[in-house]
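Here is a walk through one protein model, written for someone who would rather look than calculate. Keep the viewer open while you read.

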Amino acid sequence: MRSSELILTILGVLSPYVMTQPLSSQSPAPSKRIVIATSTVLDGKGGVLHDTRIVIEGSKIVAIDRISDHDPKAGPVDYDLRGLTVLPGWIDAHVHITWSFGPDGKNAGQGTSNPEAAYAAASNAWLTLMAGFTTIQSVGSPADISLRDAIAKGSLPGPRILTSAEPLTGRGEQTGTPDEIRAFVRKQKEAGADLIKIYASGGMSRGGMTMSQEQLSAACDEARKQGMRSLVHAFRDAVRAAAIAGCSEVEHGLGASDDDLRLMAEHGTNLDPQAGLLLETYLDYKDKFLAPPYYTEEGFAAMKGLIAAHQEFIQRAMHIPGLKIVYGTDSVAGAHGRNAEDFINRVEKGGVDPMAAMVSANSLGAEALGMSGQIGSIAPGFQADIIALDGDPLKDITAVRRVVFVIKGGVVYKNAAFGAITAVNQPEFKR
C-alpha cells in the first residue's frame with residue numbers, strides 16, 4: 001500500500017477525537033451559522049477587540065459585532081469564549097511535518113514511506129492543529145503532498161498545508177546550469193508544489209554558499225514566473241545573495257550582517273529565524289538524532305551556544321526598520337505539537353514584544369504565504385480559523401501552551417474549555 005493510501009486510512013483512528021461536524025480544510029465547510037461570544041480578541045494585526053461576537057457562516061467570518069444585552073442579534077451564542085483570549089489560528093512558516101522517529105526509535109527523517117511513517121505524519125498534523133496552528137508551510141519532502149491533499153479533501157484532520165515538494169539542494173556545479181535549475185523548478189510546480197525550497201549555504205556555524213549568485217537568481221526568478229514563492233536556507237553570505245536574487249524568504253539567517261538585513265528590508269524579503277525550539281529538540285532527543293555525518297557529537301556540543309546566538313540574532317534583526325520577521329519553527333521529529341514554544345523563546349530570550357510575536361504568526365505570516373486576504377486576521381471575509389487561549393499572552397507568554405479552542409475553516413476541532421472533546425495526549429517531553 002502506498003503512503004498516500006495509508007494516510008487516508010488513519011481517519012478511522014482519529015475520528016473519535018473530532019467533533020461531529022464534517023471535516024474540512026481548504027475545502028468549504030457546510031453553510032452553518034456559528035456565533036462566538038468573546039471578551040478579548042487579538043485581531044491578528046496588532047489590534048485588540050473587546051466584548052464582541054464573531055459570526056461565521058460556512059468556512060468564513062461574516063461579521064464582527066459589539067455585544068449588547070439589549071441587541072436581539074447578540075444571540076443565540078454557540079460558543080461562549082468570554083474570559084479567554086481569542087485570536088486567529090497561528091501560521092508556522094517552516095515545519096517538516098513528515099519527520100518522525102521510526103520503529104527503532106531513531107530519526108526516520110522525511111523520506112520514509114512505510115505504514116509507521118504514514119501514521120506518524122497524520123499524528124504530527126493532528127498534534128500541530130491541536131496546538132493552535134491552523135496553517136503550516138512544510139518544506140523539503142514530496143511526501144507532504146499526499147498529506148496536504150488528504151487534509152484538503154477533509155479525509156484527515158490537520159492544519160492547512162503548503163509544501164515545496166522536493167527541495168533544490170545546492171552543490172555548486174552539481175546543482176546544474178541556470179537553465180537546468182529553471183527546469184527543476186518547473187518540475188516541482190508540475191508535481192504540485194506550492195513553493196520552492198532552496199538550500200543555498202552550509203550549516204549554522206560554518207560553510208559558504210553552495211550555489212552561485214547566477215544559480216540562485218535563476219531559481220527564484222523561475223519560481224516567481226511559475227507563480228510560486230521561494231524559501232532559501234541561508235546563512236552568512238547567502239542571506240545577501242538571496243535578497244539580491246529577489247527570493248521571497250530567508251530561512252534561519254544566522255551570520256547575516258546588519259547591512260544584509262537592511263538589504264532584505266529594501267527588497268521586501270521576509271526573514272524566518274528560529275529562537276530555540278529546533279535546537280532544544282535536537283538536544284532533548286540527541287540519542288535519536290545522532291547519526292554522522294549530519295548529526296555528530298561535535299555538532300551537538302555546539303548547539304547550546306547556537307541557541308543563544310539565534311536569540312541574539314533575533315534581537316538584532318528586530319531593530320532593522322522595515323524588516324518583516326515571520327514565525328517559523330523548523331519543527332522536526334519530536335517538536336510537532338510544541339510549535340508554540342518558540343513564542344516563549346522569542347519573548348523571554350529574544351526580547352520580542354508579545355504582540356509582535358503574535359502578529360508574526362498571524363497577519364504577517366499570512367502575507368509571507370501570499371494569503372493575506374484569506375487567513376491571519378479576525379475580520380469579515382477571512383477564513384474562520386480561530387483559537388482561544390486560557391490566559392493572556394500579552395501578559396504571560398506561556399499562555400500559548402494553553403490552547404483550549406480550535407476552529408479551522410468553520411469546523412470546530414477542539415473545545416477543551418467546555419469539555420466537548422479531549423485532545424490526543426502528547427508524549428512526555430523532557431522540557
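Two strands count as paired here if DSSP finds at least two bridges between them. Helices (H or I, at least four residues) and strands (E, at least two) are DSSP runs, numbered from the N terminus. This is a predicted model, so local features need pLDDT of at least 70 and side-chain atom pairs count only at pLDDT 80 or more, while totals for chains, interfaces and linings use all residues. Residues are numbered from 1 along each chain as its sequence is written, and side-chain values use heavy atoms, with hydrogens and water left out.

**The sheets**

Strands of a sheet pair through backbone hydrogen bonds, either parallel or antiparallel. Start with the open sheet of 5 strands, ordered β11-β12-β13-β14-β15 with parallel pairing. Its edges are β11 (168-169) and β15 (270-272), each with a single partner strand, so one side of each has no neighbour in the sheet. Inside this sheet, β13 (residues 229-234) runs parallel to β14, and 4 bridges join them. Ala 234 sits opposite His 252 in β14.

There is also an open sheet of 3 strands in the order β6-β9-β10, again with parallel pairing. The edge strands are β6 (90-95) and β10 (160-163), each pairing on one side only. On average, neighbouring strands of this sheet are turned by 15° against each other, direction ignored; such angles run from 0 to 180 degrees between N-to-C directions, with axes being lines fitted to C-alpha atoms, for helices over the stretch in contact. Helix α4 (residues 144-152) packs on the sheet and touches β9 and β10, its direction making about 150° with that of β10. Contact, or touching, means heavy atoms within 4.5 Å.

How enclosed is β9? Buried means under 20% relative accessible area, exposed over 50%, and partly exposed in between (1.4 Å probe, protein chains only). By that rule 6 of the 6 residues of β9 are buried, so the strand is largely enclosed by the rest of the structure. In the hairpin of β17 and β18, 2 residues lie between the strands, and Gly 409 takes a positive phi near 60°.

Here are the strand pairs with their bridge counts:

| Strand pair | Sense | Bridges |
|---|---|---|
| β6 and β9 (residues 133-138) | parallel | 4 bridges |
| β9 and β10 | parallel | 4 bridges |
| β17 (residues 403-408) and β18 | antiparallel | 4 bridges |

For individual partners, Ile 91 is bridged to Thr 135 in β9, and Val 95 to Ser 138 in β9. On the other side, Gln 137 stands opposite Leu 162 in β10.

**The cores**

In soluble globular proteins, nonpolar side chains tend to be buried together. A nonpolar core here is a set of buried Ala, Val, Leu, Ile, Met, Phe, Trp, Tyr and Cys residues joined through side-chain atoms within 4.5 Å. The largest one has 53 residues, and Trp 90, Phe 133, Leu 147, Phe 343, Met 358 and Val 400 touch the most other members. Helix α3 (residues 115-130) supplies the largest share of this core, 6 residues. A second, separate core has 52 residues, including Ile 145, Val 232, Phe 300 and Ile 320.

Leaving out residues up to four places away in sequence, Phe 133 touches Trp 90, Ile 91, Asp 92, Thr 128, Pro 159, Tyr 327, Asn 339, Ala 340 and Phe 343.

**The disulfide and the helices around it**

The structure holds 1 disulfide, defined as a pair of cysteine sulfur atoms within 2.5 Å. The link joins Cys 220 to Cys 247, S to S 2.0 Å, and is right-handed, with 90° about the S-S bond. Cys 220 lies in helix α6 (residues 213-225) and Cys 247 in the loop between α7 (237-244) and β14 (249-252), so the pair ties together parts that are 27 residues apart in sequence. Both cysteines, Cys 220 and Cys 247, are buried.

Helix α6 also packs with α5 (residues 178-191), at an angle of about 35° and with the axes 9 Å apart. Among the residues that meet are Ile 181 and Val 185 in α5, and Ala 218 and Glu 222 in α6.
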